[in-house]
Amino acid sequence: MTVLGETIACPPEPVFATTLRDMNNPFAENEDQQALRTLARDVAMRDLAPMARHWDETEEFPEGSWEAIRKAGLFGITVDEKYGGHGFGDIEAAIVLEELGRVDVSSAILAQLTFNGPPRAIQHLGSEEMKERWLPMAASGEALFCIGISETEAGSAVTQMRARLTPDGNGYRLNGYKNYVTGGHRARVCLVWCRFPESEGAKGIGAVLVDLESDGVTIAGTHVKMGLRGTSEAELAFDDVRIEPEDVLSVGDATSSETFKTLIAHINHERCGNAAMCVGAAQGSLEYAIGYMNERTIGGKPIAELQGLQWKIADMATQIEGARLLLLRAVHLAGPHGTPPALETAMAKSAANLAAKFVCDEAIQLLGGYGYSREYPVERAYRDIRGLCIGAGTVEIQRNFIGSQVLRGAVPASAGWRK
Ligand SMILES: Cc1cc2nc3c(=O)[nH]c(=O)nc-3n(C[C@H](O)[C@H](O)[C@H](O)COP(=O)(O)OP(=O)(O)OC[C@H]3O[C@@H](n4cnc5c(N)ncnc54)[C@H](O)[C@@H]3O)c2cc1C
């Protein structure tokens with residue numbers, strides 16, 4: 001990488017240790033996971049890093065990143081082998097997202113949308129027909145998927161959503177307006193959360209798949225944002241869109257909120273992916289700051305020798321490790337084919353969001369005036385992770401959930417201190 005016009009060492013290749021300490025590490029990566037990390041890091045450094053600033057400056061869709069991730073076969077890592085994927089779970093998804101997010105969060109989001117987004121819900125909840133139609137497209141990177149939950153009046157208050165189905169022969173008609181749909185301007189298909197007939201509140205919320213080439217779908221606009229500028233958030237209008245019976249992923253029952261709870265649980269994949277991208281972006285910013293501090297001299301000495309700045313590095317590294325450990329716990333608890341548990345996921349997401357905010361902010365400070373310049377990557381990382389603190393459920397909403405659970409006596413899975 002270049003700092004102040006000079007070339008400094010790139011962040012190191014991942015080193016897979018073989019010491020006794022690492023043999024005893026409960027989160028040690030197996031050979032497949034190590035190979036996946038190496039592959040994702042290669043793609044990130046070779047194909048994503050050189051263009052990251054371009055996507056940010058131009059707000060163009062990162063076609064080059066899409067192609068690189070597709071060619072490497074990374075889109076399909078969580079899709080069953082039967083449909084052309086690799087059949088991995090949340091640990092592997094987190095590994096890939098951490099590595100991609102380390103250099104460019106806008107590009108990493110393409111992978112997140114594919115392997116933690118709608119295709120994950122289709123795989124767990126969809127009919128065989130639905131899986132055969134959509135999962136090969138996800139695995140091969142043929143199509144981008146997006147998810148429409150939020151509305152202008154229903155963000156955190158998701159159960160106030162108004163998008164609604166009305167019966168139409170053997171199927172339905174969908175009317176609604178979804179806000180902040182990541183990739184919605186470019187996607188082929190949207191998983192739309194909506195009300196089934198006669199429902200209110202959490203009861204009766206279900207989900208349907210909408211082919212965005214259908215009659216009645218309009219891209220009403222895209223948001224102009226602070227960060228994550230490579231992946232636009234679209235506003236999608238659905239005007240009497242025909243929904244065939246085979247496009248219903250989860251039926252909402254007007255007398256029950258069970259379907260809503262199942263859908264919310266599926267968002268835990270996305271929340272863990274969000275945390276992984278935050279850990280990756282924070283790690284990239286920490287490494288960049290260290291490289292800079294070793295090169296930048298004041299009074300003839302590198303600023304890395306200033307103890308006051310070493311303390312910043314200590315705090316940054318500690319925050320990252322805390323968040324990474326919470327994330328590892330959540331994804332390990334999911335097992336190879338399960339769903340990350342809600343409490344541990346909420347802790348991982350909020351910790352990773354806050355750690356990334358702290359670390360990227362400190363990285364800007366450590367680079368001084370250059371940190372504030374768009375010629376250096378740390379301010380972009382800060383703007384990008386700022387969006388991740390809001391998407392997939394804000395930090396406040398995670399804390400509401402954690403607080404209410406802990407007050408009720410819930411104990412996260414740990415070494416059994418409470419038993
Ligand atoms: C980059 C990005 C990508 C996104 N991608 C998608 C997507 O792909 N699909 C999609 O459907 N949505 C997406 N969203 C929307 C996102 O899920 C919502 O923005 C988020 O849920 C918050 O909703 P809101 O914006 O309406 O804010 P509000 O819900 O209006 O919240 C405003 C503020 O009040 C706080 N707040 C709200 N309720 C409470 C409460 N009960 N207690 C304490 N504080 C509270 C919030 O934390 C926030 O700080 C995305 C958002 C961003 C920024």
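## Terms and model

Residue classes come first: Ala, Val, Leu, Ile, Met, Phe, Trp, Tyr, Cys and Pro count as nonpolar, Asp, Glu, Lys and Arg as charged, and the others, Gly among them, as polar.

The model is predicted: local features need pLDDT of at least 70, side-chain atom pairs count only at pLDDT 80 or more, and totals for chains, interfaces and linings use all residues. Residues are numbered from 1 along each chain as its sequence is written.

## The ligand shell

The residues of the shell around the ligand divide into eight nonpolar, 10 polar and two charged. Of the 20 residues around the ligand, Ile149, Gly155, Ser156, Gly387 and Thr394 come nearest.

Which elements each supply at least two residues of the shell? They are strand S3 (145-148), strand S5 (171-182) and helix H13 (395-407). Helices (H or I, at least four residues) and strands (E, at least two) are DSSP runs, numbered from the N terminus. By domain, the shell draws at least three residues from each of domain 2 (145-256) and domain 3 (265-407).

## Domains and overall form

The protein chain is divided into domain 1 (2-140), domain 2 (145-256) and domain 3 (265-407). These bounds come from an automatic or database domain assignment. The centres of domain 2 and domain 3, taken over C-alpha atoms, are separated by 31 Å. Five residues from domain 2 and seven residues from domain 3 make the contact. On the domain 2 side, two are nonpolar, two polar and one charged. Two residues are in contact if their C-beta atoms, placed from the backbone, lie within 7 Å.

The protein chain has 13 helices and 12 strands. Its C-alpha trace spans about 80 × 55 × 40 Å along its principal axes. The radius of gyration is 22 Å, which agrees with the value near 22 Å for a compact globule of 419 residues. That radius is taken over C-alpha atoms, and the globule rule is 2.2 Å times the number of residues to the power 0.38. Among contacts between residues at least 6 apart in sequence, 73% join residues at least 24 apart.

## Buried elements

Of the 419 residues, 48% count as buried. A residue is buried if 20 or more other C-beta atoms lie within 10 Å of its own, exposed if 12 or fewer, and partly exposed in between, with C-beta atoms placed from the backbone. Helix H6 (residues 105-115) has 11 of its 11 residues buried. Its buried residues include Val105, Ile109, Gln112 and Phe115.

Strand S6 (residues 189-195) is mostly covered too, with seven of its seven residues buried. Val189, Leu191, Trp193 and Arg195 are buried on one side, and Cys190, Val192 and Cys194 on the other.

## Strand pairing

Two strands pair if DSSP finds at least two bridges between them. S3 and S6 pair in the parallel sense over four bridges. There, Cys146 stands opposite Cys190 in S6. S6 also pairs with strand S7 (residues 205-211), in the antiparallel sense over seven bridges. In S7, Val210 is the bridge partner of Cys190.

Strand S4 (residues 164-168) runs antiparallel to S5, joined by five bridges. Leu165 stands opposite Leu174 in S5. The hairpin of S4 and S5 has two residues between the strands, and Gly169 takes a positive phi near 60° there.

## Individual residues

Most residues other than glycine have a negative phi. Glu59 has a positive phi of about 60° although it is not a glycine. Glu59 lies in the loop between helix H3 (52-58) and helix H4 (63-71). It counts as partly exposed because it has 15 C-beta neighbours inside 10 Å. Tyr180 also has a positive phi of about 60°. Tyr180 sits in strand S5. Why is Tyr180 buried? Tyr180 is buried because 21 other C-beta atoms lie within 10 Å.

Ala381 lies in helix H12 (residues 377-388). With 31 other C-beta atoms within 10 Å, Ala381 is buried. Not counting residues up to four places away in sequence, Ala381 touches Ala281, Gly284, Ser285 and Cys360. The C-alpha atoms of Ala381 and Ile303 are separated by 22 Å, and the two residues are 78 apart along the chain.

Definitions and conventions:
Near = placed C-beta within 6 Å.
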